[in-house]
Amino acid sequence: MNIPVDPVSIARDAVIYNHEAKSLLRFIACGSVDHGKSSLLGRLLFDAGLVLDDQIDALRKDTGQLTDPVEDLDFSLLFDGLAAEREQKITIDLAYRFFATEKRKFIVADAPGHEQYTRNMATGASTADIALILVNAQAGLTQQTRRHALIAATLGVRHLVVAINKMDLVAYSQATFAAIEAEFLKFADRLGDVSSTFIPVSARGGDNVVKRSPHMGWYRGPTLMEKLETVDVTPRAANQAFRMAVQWVSRPTPDFRGYCGMIAGGEVRPGMEILVQPSGQRTRIASIVTANGELDRAGVGQSVTLTLTDDVDVSRGDLIAEGTRPAHVSDRLDARIFWMGQGTLAPGGRYHIKLGTASAAASIAGPMQLIDLAEDAAVKSVDRLMSNEFGTCRLELDRPLAADGYNQNRETGSFILIDAESHDTVAMGLIEVPAIAATATRGASAMTAVPMPRDLYKLFGINANQARSLAKTLSWRVMGSVVTFLVALLVTDNTAIASSIVVAEIVIKIAFYYFHERIWLLAPWGRS
Amino acid sequence: MNTATLATASSTHSYLDQLEAESIHIMREVVAECDKVVMLYSIGKDSSVLLHLAMKAFYPGKPPFPLLHVDTTWKFREMIEFRDRRAKELGVDLMVHINQDGVARGIGPISHGSELHTDVMKTQGLRQALDLHGFDAAIGGARRDEDKSRAKERIFSFRNAHHRWDPKRQRPEPWRLFNAHKRKGESIRVFPLSNWTELDVWLYIHRENIPVVPLYFAKPRPVVKRSETLVIVDDNRLPLEPGEVPQIKNVRFRTLGCYPLTGAIESTATSVEDIIRETLDSRFSERRDRVIDQDGSSSMERKKQEGYF
């Protein structure tokens, strides 16, 4: 076929031949009901030339705008989903949209704004790299906006793009924009390690959506599309520990035994030492098998089949973890929970838990706390969680499972709860650093193997890291005090004085050492 | 075209690699969590990609499930030839189900109209086959970009004992945690290509060199024009209207279904690259060429609730 050489065909051929360089960005779009989210997404696609003629024809029929200029159409209706939703004029459910530019393919989780649909927002945010948060310039920051930002940050979204919409209705005022930005930044301190970008836009006029606005010369930042195309989403944890949950055991012939799964963290190479958890068997990777041949390494997000050098017992639900940096193994989990069920979540409740590929029975133990998203995450003690509420509780499992904290790994640090009767997915769980096992478990990881009465520290109401600091303080003190006593005795030759010095020293130095240790814990410098 | 360049580039982790890995993960998850799994094979390009992904997911073994084709008896002859040849080449287990009740009643797209034909031969045929063999999970090639109602469908999409889909009772799917729990008699439809678009499918076919039915490529074929739709005269079952004379035109298909219900487009695309160029240039989304989707604005949503795939 004879292709004429023109810029359009060059751009088109770039799609065919250069798509291997294209990256994937998953983002969640959230905004309150009247903040114009659907209009903005519609405008984004239209201005990027991604809305097809027959979609525009359908749009004209739906809106009755049969003769209006195409730029004036109501693009929000492009995203109108189910007939049930059109009848009730509301968005019920999370929808996924797709578009691609020359630089990226985008998967958009389009979350409805209503408060009662927090579950949809949390679901969409769980896989998102960034969150697009809509703010109505006229209304300013609302409780909803703060709620959306909090949910996104909680679920590990590290970039927020705050689009301040309807700038045309505030006369494109820089002062209005700056005031909203300042107010958001003040609140954003509470979100932890999250970066925010602010863009003044008008979905109606297309200002700063794809094209630069002629009305806001004072704004020098990127347009929304520029930001989406360039935001850096390479995983921050470059030195993440290797993790792969075993999905399925492949035994096509008697002499082949492979473990299939998607790599959830780090990197794997043949010869690497691994730990099978929770059983604790140690062995090495023999090979990384794929249909495209054996690999010399594989990383996060790849679906592979691993073979091991030893004939160990591995089945679905086991975690293959890096030998030197294993996951925690415990039959108790402290977690933050998004409760999505119809009834309430209360201590004593029993559910199925799915954590990675592992399943177990879980029961809810107290104490329970509500993290009130309507009051900027204020924490309150409660005896149950209502539908769409967010809180913390402890889960007791019928067998130990391997897990990481959600802050370390989104995949191995998350779970769902399934109702035993209705079989519905009723909760999303984010694991805090796992609690220490109540019962001794085989192959407990180094971090849970505290060589002293395991639950002693709980009497003091402190967590594992503090308990470890305390144990180290005491052992060091015993040794130090004996030495001090002997030196004092040699110098003064008086047992009473030597004893007094030791008593004073014990009291003073224990206190100082403990604080010294805690201060060092704050400094990441020099840790491997 | 330069296959070598693409082959070496595939070792990097591009967005197609990510889509592939996600789809493989989904397939392995179904197999591990369900008792009796089947893959619906409709012979089209999406099914070709699905089958290719299944071969990769379970390599070095074969996919641990059979393929099921619900044959409406009105498929293009080239589709049936392609189906049987591919199943043999890959050594996979292929089952074909025809709604014999529909055949006995003489149901066809021309005599009974597209809606009844599709309902009896496709929707009810599929339900019969799933019930007959007791499959509790069926993998299909539907994509979320095909239709507004599909944009909201889950990857693990739950069906009650009557194969009905309830859009208001869908299970949330956070992270990659799919819930396959169900009662006896209930089943799950699983869509590993949910996050793919039509363009992604073609780029992947191109990159992986996946065979597709020759009907996707343009060549001179006998067609008649009926209300803006070009219908190919595939066999002598298509009654010609008075004065209608089949013309030979250079045509191809963007989607494949029952031949009297599937419109051809005039085209000169004879390779996958040509098709991708045409897709990029095209200003029309693909389902427009399928007559059944024009039955009503929410027709796909309704068909899905009734058990259409």
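Select helix α6 of chain B, residues 109–133, and colour its buried residues, where buried means that 20 or more other C-beta atoms, placed from the backbone, lie within 10 Å of the residue's own. They are Pro109(B), His117(B), Thr118(B), Asp119(B), Met121(B), Lys122(B), Gln124(B), Gly125(B), Leu126(B), Ala129(B) and Leu130(B). The model is predicted: local features need pLDDT of at least 70, and side-chain atom pairs count only at pLDDT 80 or more, while totals for chains, interfaces and linings use all residues. Residues are numbered from 1 along each chain as its sequence is written, and chains are lettered from A in the order in which they are written.

Next, show what covers these buried residues: β2, β3, α5 (100–104), β4 and β6 of chain B are included. Helices here are DSSP runs of H or I with at least four residues, and strands are E runs of at least two.

Now go to Glu115(B), where α6(B) bends by about 80°, the angle between axes fitted to the seven residues ending there and the seven starting there. The end C-alpha atoms of this 25-residue helix are only 27 Å apart, whereas a straight helix would reach 36 Å at 1.5 Å a residue; that span is 1.5 Å times one less than the number of residues.

Then display the open six-stranded sheet of chain B, in the order β3-β2-β1-β4-β6-β5 with mixed pairing; strands pair if DSSP finds at least two bridges between them. β3 (94–97) and β5 (156–159) each have a single partner strand, so one side of each lacks a neighbour in the sheet.

Finish at Arg159(B), which stands opposite Ser187(B) in β6(B). Four bridges join β5(B) to β6(B) (residues 187–190), and the two run antiparallel.

Key. Two residues are in contact if their C-beta atoms, placed from the backbone, lie within 7 Å. Axes are lines fitted to C-alpha atoms, for helices over the stretch in contact, and angles run from 0 to 180 degrees between N-to-C directions. A residue is buried if 20 or more other C-beta atoms lie within 10 Å of its own, exposed if 12 or fewer, and partly exposed in between; C-beta atoms are placed from the backbone.
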